[in-house]
Amino acid sequence: MSRDVAPPTVLVAEDHNHDKFILQEVFSRAGIRADLRFVSDGEQMLDYLYGRGPFGVPGAAPVPTLVLLDLNMPRLDGRKVIRILRADESLRHLPVIALSTSESPKHITEAYAIGINAYLVKPANIPDYVAKVSSLWQFWMSTASLPTVEVRP
Amino acid sequence: MGDRIQSNQALAAVVDLTSCDREPIHVPGQIQPHGLLLALVEPALTPVAVSANVEAFAGVAPGAVIGAPLSMLIGEASVARIAAVLAGDDLAAVNPIAVSLRMSAGDREFNGILHRHDGLTFLELEPRGEDSPSSSFFREIRMAIRRLQTATDLKAACGIAAQEVRRITGFDRVKIYRFGTDWSGQVIAEERSDTIPSLYDFHFPASDIPAQSRALYTANPVRIIPDIGYRPSPLVPNRNPVTGGPIDLSFAVLRSVSPVHIEYMVNMAVYGAMSVSIVRDGRLWGLVSCHNTLPRFVPFEIRQACELIAQVLTWQIGVLEEAEIIRHSARVRAVQQRLLHGLGGKKDVHAGLIGSGDEMLALMNATGFALSGFEGVTTYGQTLSEHEISDLVGWLACSESRDVFETDCLADVHPASASDPERVSGVVAVPLGRASTFFMLWFRPEVAQTVTWGGDPHKPVRIGPLGGRLQTRASFDAWREVVRGRSRPWQPHEVVAAIEIRDLVVDVILSKAEELEGVNRQLARSNDELESFAYVASHDLKEPLRHIEAFAGLLKESLPADSEDRLGAMVGGIETSSRRLRALINDLAEYSRVGRQARPLAPVPLDEVLSDVLVDLRPVLEETEATVSAVALPVVLCDRSQIRQVLQNLISNALKYRHPGRLPAIAVRGAVEAGAAAEIDRGSGHDQARRVRITVEDNGIGFDEKYCEQIFEPFQRLHGPDEYEGTGIGLAICRKIVQRHGGSISASGRAGEGAVFTFALPMRTLDGAGEAVR
């Protein structure tokens, strides 16, 4: 990965400003170069992905390489968003990583069942969080082969 | 009995009044000689039989009368009058008829009394009264009737009737004799002169007035024996040509009396007697019975007046008995109101009922009252023993009929509970529920115990040829013998009252149960709400906490390596406080979860559970060099993971609070305890009598005994967080789990010596498997 190449875009759906801040800090402390784009709920996320409203402006919504999705969001919550993504041919290939505070096996199983690609429990402890995000990034950006991202016309 | 009585001596030895039942007293073949009896055949009115005393009256041989025209004996005008009366409808209404008898000493006016029976027409001639009834006599009768109608109760009415009859007839003693349901009799009112002893309240066995006498009393309401010492006059011939049998004198006023009856009278020193029947709804209710120490004749008209008085008394009895029932039911209602009021306010129906004991007794005219229920047997007044009541109730609960049980002779139906019939012979038992042994019971003593012999014990007893039995004293003794083990019978309206009280009590109990159920439901609801609130709250509390922890972490890593220790300490303070808050929230969530998860109970061997716990705790056990011993751990029906948590918490505690000066030694013991009475939770239905008790004993630092309750409260700690880690939820969770299993937990200890934690679980049968703890 060279500095000339534009950093991969990561779309983060997260309703809480504290969590956005913390996630940004964690990415930064993990030394990850990524273009973090934040949306606050499921509807905004769909607007982003479909280039609607404020995201209709060219360059306002680069196609994400990864989606980080808080499962519990106001209005359209993460689970519904995943269902919509997975039903749409143009979006169903997007890797989606669920962010959650719940460690409940039931919640985890359910999330995989509706089509997430990974489940990440937000750690409370910063070093843990940094370590987790580093290894996550390592896996998705280096270990795994990602689908080809079509640049939207 | 007329024929059989020929040999008095022979009969005297075997006189048994029950033989009177078979004595054909309606066909004695003879009459009392103060009058004359003719049996005639209509339409010619030809005599077919005549009493032998016709000779004494008219100087004519009986044989000469038979077949001869009636006018041979009786004046033509009288015969014409008789024929006219016979042509009419109602013979009884026209009696008596003035009849002149051709006597040797010239014609004499008699009262002629006509009746038809068995195909014959009977003409009886009785002496007339001195004067014909005057207007003042009728006024007296009217007054007597009016007085009777003023009576407000049965006793008073009978008293007035006795007074009036005595006033009209002049008998020495007039008593009102009342039949019981068993046909025994009791003198319930009496009016007498001083010259004759009282028979008031005397009791007589049913055999004293046998069935066929009662039948005659019912059919022919007025009976007179003017002279007990009479010589009977036989009928000539004693043959009814229509039936071919002896002449039936059932309706004859002159009918001769059974010798047994005569001897009874003589033994009482009674020489003149009269009785008027009190017949209610076709049943012989009682008698107005008149006695005289000397022979006494009462003319027909006066007897009719007495019959009228008896008739009015009969109506009055009907009215008064009805009124008595109405009064009784009004009293029942009043008592019910008071009970309802009393019971409504009281938590304990038992206490409420027993507290109204006097009223319960008064209502039922009982001497004892008992309740059998959850709290065992509670008694009030004169009752069976508690043991006998339990036994009786057990028997009743098994009996087919589940409704009211009523007896006046307990020894007959359930001798096992009738050890002391003098105290209790009569029982009414009303079940409070269909399937329970809850009963309300009322008791009455043996009736003989309530009555004593009222006669003069020193009075010389005159014994007649028929033996000693024909005495009032002997009657009394015979009656006592018959009623031995019997109480006064329960009246239908009394039984109804008992049922009404039962219904009321059941209503009160049901409404209390409903109330309780409502409270329970509400409690359960608010408990549920509280638990889900705690769960949700703990969940929502975690989010800001996580942020605090994250920011503290970011802050800490942002601190330059050479920054002041003070800043690091502050950030460290945020971190430790957050950790502690997280632990508290987690424990709160866990505590609330204990009530939210319901898993089926299963038989679990506790020694296995203990092994699992020891495996989990191995690191700390090894670190502390603790020893754990286990003795006699049973299999219990429980939620395995919850009981495991209890053991784990208790053993962790024992390790955590180990004594610094010695190696921890923990003993876990099991025992099956036979439930002490105090520990039996009545009404839960479970076999709570036996419980499994588990003790966890350590040699740690112990605690002050005064905290033995407090330590089970959530978040209660005896030590600061710096001394020992933990939130203080562990024992609270233990208590909650044990309570959800229907058990209890307690702690004892001594500071510096060690602590003992004991939890007891109900010993459920394996049938309970599959039932969930909630």
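**Close-up views of a predicted two-chain model**

**View 1. Strand 25 of chain B and its two partner strands.** In strand 25 of chain B, Pro762(B) is the bridge partner of Arg691(B). This view, like those that follow, shows a predicted model. Strand 23 (residues 690–697) of chain B pairs with strand 25 of chain B in the antiparallel sense, over seven bridges. Strand 24 (residues 744–750) of chain B also pairs with strand 25 of chain B in the antiparallel sense over seven bridges, and here Phe757(B) of strand 25 stands opposite Ala747(B). Strands 24 and 25 of chain B form a hairpin with three residues between them. In the turn of this hairpin, Gly752(B) has a positive phi of about 85°. Strand 25 of chain B (residues 754–762) is largely enclosed by the rest of the structure, because seven of its nine residues are buried.

**View 2. Helix 21 of chain B.** Helix 21 of chain B spans residues 730–740. Nine of its eleven residues are buried, so the helix is largely enclosed by the rest of the structure. The buried residues of helix 21 of chain B are Gly730(B), Leu731(B), Ala732(B), Ile733(B), Cys734(B), Arg735(B), Lys736(B), Ile737(B) and Val738(B). Just after this helix, Gly742(B) takes a positive phi of about 80°.

View 3. The largest nonpolar core has 88 residues. Within this core, the residues with the most contacts are Ala161(B), Val288(B) and Ile309(B). Helix 10 (residues 300–345) of chain B supplies the largest share of the core, ten residues. Domain 1 (4–25 + 133–323) and domain 2 (30–127) of chain B both give residues to this core, so the core lies between them. Leaving aside residues up to four places away in sequence, Ile309(B) touches Ala144(B), Ile145(B), Leu148(B), Ala161(B), Glu164(B) and Val165(B). A second, separate core of 43 residues includes Val692(B), Leu731(B), Phe759(B) and Ala760(B). Of these, Leu731(B) is also one of the buried residues of helix 21 of chain B.

**View 4. Strand 11 of chain B between two pairings.** Strand 11 (residues 233–236) of chain B pairs in the antiparallel sense with strand 1 (residues 30–31) of chain B, over two bridges. In this pairing, Ser233(B) of strand 11 stands opposite Ile31(B). Strand 3 (residues 46–51) of chain B likewise pairs with strand 11 of chain B in the antiparallel sense over two bridges. The bridge partner of Ser51(B) in strand 11 of chain B is Leu235(B).

View 5. Chain B contains 21 helices and 25 strands. Of its 774 residues, 38% are buried. Among contacts in chain B between residues at least 6 apart in sequence, those joining residues at least 24 apart make up 67%.

View 6. Chain A has five helices and five strands, which follow the pattern β-α-β-α-β-α-β-α-β-α when read along the sequence. Chain A has 153 residues, of which 28% count as buried. Of the contacts in chain A with a separation of 6 or more, 65% are between residues 24 or more positions apart. Ser28(A) belongs to helix 1 (residues 17–29) of chain A. Ser28(A) counts as partly exposed because it has 13 C-beta neighbours inside 10 Å. Although Ser28(A) and Val130(A) are 102 residues apart in sequence, their C-alpha atoms are 8.9 Å apart in space.

**View 7. The annotated residue Asp70(A).** An unreviewed UniProt entry carries the annotation "modified residue: 4-aspartylphosphate" for Asp70(A). Asp70(A) is located in strand 3 (residues 66–70) of chain A. Asp70(A) counts as buried because it has 24 C-beta neighbours inside 10 Å. Not counting residues up to four places away in sequence, Asp70(A) touches Ala13(A), Glu14(A), Asp15(A), Gly78(A) and Leu99(A).

**View 8. The contact between chains A and B.** Eleven residues from chain A and nine residues from chain B take part in the contact.

Note on methods. Residues are numbered from 1 along each chain as its sequence is written. Chains are lettered from A and ligands numbered from 1 in the order in which they are written. This is a predicted model: local features need pLDDT of at least 70, side-chain atom pairs count only at pLDDT 80 or more; totals for chains, interfaces and linings use all residues. UniProt positions are given in the numbering used here, feature names are shortened, and annotations may be inferred rather than shown by experiment. Helices (H or I, at least four residues) and strands (E, at least two) are DSSP runs, numbered from the N terminus. A residue is buried if 20 or more other C-beta atoms lie within 10 Å of its own, exposed if 12 or fewer, and partly exposed in between; C-beta atoms are placed from the backbone. Two residues are in contact if their C-beta atoms, placed from the backbone, lie within 7 Å. A nonpolar core is a set of buried Ala, Val, Leu, Ile, Met, Phe, Trp, Tyr and Cys residues joined through C-beta atoms within 7 Å. Domain bounds come from an automatic or database domain assignment. Two strands pair if DSSP finds at least two bridges between them.
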